[in-house]
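Student: I would like to learn how to read helices, cores and pockets in a model, taking one feature at a time.

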Amino acid sequence: MGNYKALARKYRPMNFDEIVGQEFVVKTLKNAIEMGKISHAYLFTGPRGIGKTTAARVFAKAINCKDPIGVNPCNKCTSCTEINNGTSVDVIEIDGASNRKVEEAREIRENVKILPVYNKYKVYIIDEVHMLTDEAFNALLKTLEEPPDYVVFILATTDAHKIPMTILSRCQKYDFKKISHDFMREYLLKVMEKEGITIDNDSLNMIIRNSDGCMRDALSITDQLVAFTGGNITSDVAKELLDISEYEIVNQIFEAIVDNKSEQLFQLIDEFARKGVDYQFALEILIQHTRNLLHLFTGGFSDKTLTTHELEFYNRIKSKLTLKKIFAYFQIFQKTIAEMRYLTIEKYLFEFGVFKAANVDNLIPADQISLNNQQMSTTVMNTVVEPNLTEKRQGLSETQKSWKGFIKHLETINPAVAAQAAYGVIKEIDDKNVVLVFNEKDRFYYNMLTKPEKNKVLKEQLKVYFSKEMNLTILLENGNRELNLVKAEAEIKSFQEEMLKEKALNNNIVKNIIDKFDGEIEKIDKN
């Protein structure tokens, strides 16, 4: 009993060939090792549980392995064994969520100066790197920019958009994808065959759907089911353990909404409350139903994880619905779940949302809930958008526009310098002179751009862009309140969105829908 190893650990990939569902990433990393082109910094992005940290460990082993098999680590030498056991002094794994302060980043900066003890490379694997503070990122920046030849950083994150551009520009970025249904199905069946596990098709679909493209979750769910069944997994047991039984009552509520059976709805909601099921969970399932039905109506349905029972359910209620009602249901459910974030009376909000959906025909005429997204966008935009909004007083000045053009050019040459230069306030651009001023709080960017190598890049590209020699002056001023390009564009975008939203509120169709559904405008898509 004490030697049991969870499936997620037992089948954790030990070399590149065992990493599933990430062919592009694996091939690129293997080619880099084969050609000896090891970068000093990598960024692995993507959802949790799909192999980012595992790939980082395999890569760390591969570049340090004493007896590699092609480009794969041997997993037998001292280096591989220590990395597998988590005892290597040269491969340091850091949790960005619990080591997010500037002090930890400065400690890394100091430690990289120490040569590897045993291996060719000293590898830092920083998980959830987006959790680092701005100060910590700035402290790490210098090390990423000019690391020793023997240091490799592998940053992993589920939220790449939270990584500063100055960090992104110094890393080779690899996007890990959720594992596809077919790939996961094939892999799980192989694992179950090896483990002597029997499973029916519906149970396998439930595991895949609940894992949401995450192999680690799929293996953990399988472990849980095996522990309960002894290895003979049936759909009835899978429903019970995965709380699929709770879906049944939500399905009944949805069908009662479609059939407008108010009395039955009261009974179902009472039963729902007695079971203590989460109301937000129920609304998420109701929204999921609208999504699945939309796919069925439009002929684009491709969800392979649905069970036989679920397909029968959708086919049964599809004939009672129209696209108009599906759109209306979605609006009501998403509005209700949004309100729950701010109010504690979840049961009341749920009841009113459900009954509003059941009586949607009485709330708003059908011809006003039939607009699809494209029609609504066209209707609103044709009514409310003024021409040349960006040329209003709130737009960029001519000097800022000229500087923006240069920044766009510089991004194609040196993204890091471009990102830093955008934080300066452009005071002057004439035939010969460019004056760039940084606020005291943006001193970091001032310090970076006044370095000789960065300053040289700026001057060279100014000459290229303006087709003549330009005198560049970079200043630091305390208390300068003018907006730099980054903040100016952010304010313009905010102003434009507010203008569009204000004018959209005067559109009759929009006003009617907002009034009937207690709605609000969250976003206007100008495309």
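This is a predicted model: local features need pLDDT of at least 70, side-chain atom pairs count only at pLDDT 80 or more; totals for chains, interfaces and linings use all residues.

Tutor: Residues are numbered from 1 along each chain as its sequence is written, and side-chain values use heavy atoms, with hydrogens and water left out.

Student: Which residues have the most contacts inside the largest nonpolar core?

Tutor: In soluble globular proteins, nonpolar side chains tend to be buried together. A nonpolar core is a set of buried Ala, Val, Leu, Ile, Met, Phe, Trp, Tyr and Cys residues joined through side-chain atoms within 4.5 Å, where buried means under 20% relative accessible area, with a 1.4 Å probe and protein chains only. Here the largest such core has 38 residues, and those with the most contacts inside it are Ile 253, Phe 254, Ile 257, Leu 265, Tyr 329, Phe 333 and Phe 350. Helices H12, H13, H14, H15, H16 and H17 each supply at least two residues of this core, and H12 gives the most, with eight. Beyond its neighbours within four places in sequence, Leu 265 is in contact (heavy atoms within 4.5 Å) with Ile 253, Ala 256, Ile 257, Val 354, Phe 355 and Ala 358.

Student: What span should the 13 residues of H17 have?

Tutor: Helices are DSSP runs of H or I with at least four residues, numbered from the N terminus, and the expected span is 1.5 Å times one less than the number of residues. For H17 that gives 18 Å, and its end C-alpha atoms are 18 Å apart, which agrees. Among the buried residues of H17 are Leu 349, Phe 350, Val 354 and Phe 355.

Student: Which residue follows H10?

Tutor: H10, covering residues 215-229, reaches 21 Å from its first C-alpha to its last, close to the 21 Å expected, and is followed by Gly 230, whose phi is positive, near 80 degrees. The buried residues of H10 include Met 215, Leu 219, Ile 221 and Leu 225, but also Asp 217 and Asp 223.

Student: Which element gives the most to the lining of the second largest pocket?

Tutor: A pocket is an open set of points on a 1 Å grid over the protein atoms alone, where a 1.4 Å probe fits, with protein on both sides within 12 Å along at least five of seven lines; lining residues have an atom within 4 Å of a point. The second largest pocket is lined by 22 residues, including Met 165 and Tyr 423 among those nearest its centre, and H20 gives the most, with four residues.

Conventions: Buried means under 20% relative accessible area, exposed over 50%, partly exposed in between (1.4 Å probe, protein chains only).
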